[in-house]
Amino acid sequence: MLKNILLLCLLVHVGHVLSVDLKYKSCGGTATVTKVFSDDCKSAICKLKKGNSYQINIQFDAPSQLTSLKASLYGVIAGIPVPFPLPEPDGCAACGGKCPISAGTSVTFSEALKVEKSYPVMKLVSRWKLAAGGDHVLCVEIPVVIVS
């Protein structure tokens with residue numbers, strides 16, 4: 001009996017440490033996106049509970065040498081992109097402070113998203129962008145649901 005309880009506890013623990021691949025689509029850019037994931041979501045379409053923070057990770061292959069990156073986030077609501085502030089708009093810092101990044105290097109962009117209690121309950125698309133100067137490095141759209 002004790003063996004079964006320990007096995008159950010281990011399975012529950014492992015389930016909490018694994019990341020979930022998120023549903024996404026590319027909306028442009030020169031980089032090849034290889035994976036979009038979160039350790040904080042429980043399904044491919046993330047349910048964002050108000051008052052919580054969620055780490056979003058976008059893994060990509062650098063299309064060329066990148067010496068600087070600017071990150072931006074938009075909530076696309078009824079087809080209209082609404083800018084959301086990011087705690088770290090410096091894309092290099094959000095990529096582990098790795099600039100310059102050599103062409104072909106696999107990089108993971110990680111950004112925390114705070115879901116304010118004032119946000120309405122709704123379905124929307126979160127549009128994440130990375131730019132290097134005037135060049136669009138990547139654009140990824142991730143469907144999410146804000147819940148109470």
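R127 and E141 form a salt bridge, with their closest N and O atoms 2.7 Å apart. The two residues come from distant parts of the chain, R127 from strand β9 and E141 from strand β10, 14 residues apart. The model is predicted.

**Salt bridges**

- The count of salt bridges is three.
- E141 also pairs with K25, where the closest N and O atoms are 3.8 Å apart.
- K25 lies in strand β2 (residues 25-26) and E141 in strand β10, so this pair ties together parts 116 residues apart in sequence.
- Through shared partners, K25, R127 and E141 join into one network.
- R127 counts as buried because its relative accessibility is 18%, and E141 counts as buried at 12%.
- D21 and K35 meet in a salt bridge at 3.6 Å, N to O.
- D21 is in strand β1 (residues 20-21) and K35 in strand β3, 14 residues apart.
- D21 is partly exposed at 46% relative accessibility, and K35 is partly exposed at 30%.

**Nonpolar core**

- The largest nonpolar core has 36 residues, and I58, F60, L69, F109 and W128 have the most contacts inside it.
- Strand β10 gives the most to this core, with six residues.
- Beyond four places in sequence, L69 touches residues including P89, C92, I101, L130 and V137.

**E111**

- E111 lies in strand β8.
- E111 is buried without a salt bridge, and the nearest side chain of opposite charge, K70, is 11 Å away.
- The E111 side chain reaches the backbone nitrogen of E88 at 3.2 Å.
- Outside four places in sequence, the contacts of E111 include Y54, I56, L86 and W128.

Methods:
Residues numbered from 1 in each chain as written. Predicted model: local features only at pLDDT ≥ 70, side-chain atom pairs only at ≥ 80, totals over all residues. Heavy atoms only, no water. Core = buried A, V, L, I, M, F, W, Y, C linked by side-chain atoms within 4.5 Å. Buried < 20%, exposed > 50% of the residue type's maximum accessible area, 1.4 Å probe, protein only. Helix = DSSP H or I, 4+ residues; strand = E, 2+ residues; numbered from the N terminus. Contact = heavy atoms within 4.5 Å. Lys, Arg positive; Asp, Glu negative; His and termini not counted. Salt bridge = Lys/Arg side-chain N within 4 Å of Asp/Glu carboxyl O. Polar contact = N/O pair within 3.5 Å; in protein donor to acceptor, adjacent residues only side chain to side chain.
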